[in-house]
Amino acid sequence: MTITELLGNELIIGPRIEPSSLLVYLVKYEGSDHILKVSRKNDLFDLDQMKTEQRILEACEDLKGITHLVKKYDLSKSEDYETALLKEYVAGSDLARKQRPLLPHLKEELKRTILRLHQRRVAGLELTPENVVVSSDEREVKIVDFGSGSIFSQEQENELKYWVERDYFNLQCLVKRMQRTF
Ligand SMILES: Nc1ncnc2c1ncn2[C@@H]1O[C@H](COP(=O)(O)OP(=O)(O)OP(=O)(O)O)[C@@H](O)[C@H]1O
Ligand SMILES: [Mg+2]
């Protein structure tokens, strides 16, 4: 069964967004654009990424600066797919497609978002240009992919500290990389 056959009752499935390791589609839900991320059956990498992303999005549903979870779908009865996450869509462009230095207010906003995630003990974010989207009016910046993050428990204080530092290091690299592409 195709994704359209499985979810076509309530979603209009649009184009697949490339490149993406999981199946990521632009879809219409209740008349507006959303993102649908689908995991394939028997693909441990997919399943792991989706579980992580779901947990983080559920723990951060009120957090500013990230895309939020709208709905989960259990597709385990199908032959090819396991789960799907419907998420808010940020109309704009990811930094990989932008090729322009990050404006100072967006850099500050991104830093604040990362701090808020760290306060929730979420770290180890994959802060690559592909995973950060800037809105078309350049007023907003959002982290859209949480497949590689983790939520660290109270017992994992050292790991959390390590990944917090790594996130800030990766943020600096991201900002430098955007300056170089100009
Ligand atoms: N909420 C969103 N709004 C706008 N664009 C998005 C959104 N989510 C994803 N995208 C676009 O789709 C691309 C792929 O999505 P995403 O990064 O979530 O998948 P992925 O990299 O395949 O996942 P993973 O890293 O978990 O394997 C992003 O690089 C971005 O261009
Ligand atoms: Mg990604």
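1. With 14 C-beta neighbours inside 10 Å, Glu138 counts as partly exposed. The scale places C-beta atoms from the backbone and calls a residue buried if 20 or more other C-beta atoms lie within 10 Å of its own, exposed if 12 or fewer, and partly exposed in between. Glu138 is not a glycine, yet has a positive phi of about 65°. Its place is the loop between E8 and E9; such labels denote DSSP runs, numbered from the N terminus, with helices (H or I) of at least four residues and strands (E) of at least two.

2. The model is predicted: local features need pLDDT of at least 70, side-chain atom pairs count only at pLDDT 80 or more, and totals for chains, interfaces and linings use all residues. Residues are numbered from 1 along each chain as its sequence is written, while chains are lettered from A and ligands numbered from 1 in the order in which they are written.

3. The protein chain is split into domain 1 (3–88) and domain 2 (92–180), with bounds from an automatic or database domain assignment. Their C-alpha centres are 21 Å apart. The contact involves 13 residues of domain 1 and 15 residues of domain 2; contact here requires C-beta atoms, placed from the backbone, within 7 Å. On the side of domain 1 that touches domain 2 there are six nonpolar, four polar and three charged residues. In this classification Ala, Val, Leu, Ile, Met, Phe, Trp, Tyr, Cys and Pro are nonpolar, Asp, Glu, Lys and Arg are charged, and the others, Gly among them, are polar.

4. Ligand 1 lies between domain 1 (3–88) and domain 2 (92–180), because both give residues to the shell around it. That shell has 20 residues, the closest being Ser20, Glu130, Val144, Asp145 and Gly147; a residue is near a molecule if its C-beta atom, placed from the backbone, lies within 6 Å of it. By class, the shell residues are eight nonpolar, six polar and six charged.

5. One open sheet has five strands in the order E1-E2-E3-E5-E4, paired antiparallel; pairing requires at least two DSSP bridges between two strands. E1 and strand E4 (69–74) are the edge strands, each pairing on one side only. On average, neighbouring strands are turned by 30° against each other, direction ignored. Axes are lines fitted to C-alpha atoms, for helices over the stretch in contact, and angles run from 0 to 180 degrees between N-to-C directions. H2 packs on this sheet and touches E3, E4 and E5, its direction making about 35° with that of E5. Four bridges join E1 and E2 in the antiparallel sense, and Leu11 stands opposite Tyr29 in E2.

6. Two loop residues deserve a look. Pro19 sits between strand E1 (11–16) and strand E2 (23–29), and the peptide bond from Glu18 to Pro19 is cis, with omega near -5°. Asn42, between E3 and helix H2 (44–59), has a positive phi of about 60° although it is not a glycine. Asn42 counts as exposed because it has 8 C-beta neighbours inside 10 Å.

7. A three-stranded open sheet runs in the order E6-E8-E9 with antiparallel pairing. Its edges are strand E6 (92–94) and strand E9 (141–143), each pairing on one side only. Strand E8 (residues 132–135) is joined to E9 by three bridges, and Val133 stands opposite Lys142 in E9. Helix H4 (residues 104–119) packs on the sheet, touching E8 and E9, and its direction makes about 35° with that of E9.

Methods. Contact = placed C-beta atoms within 7 Å.
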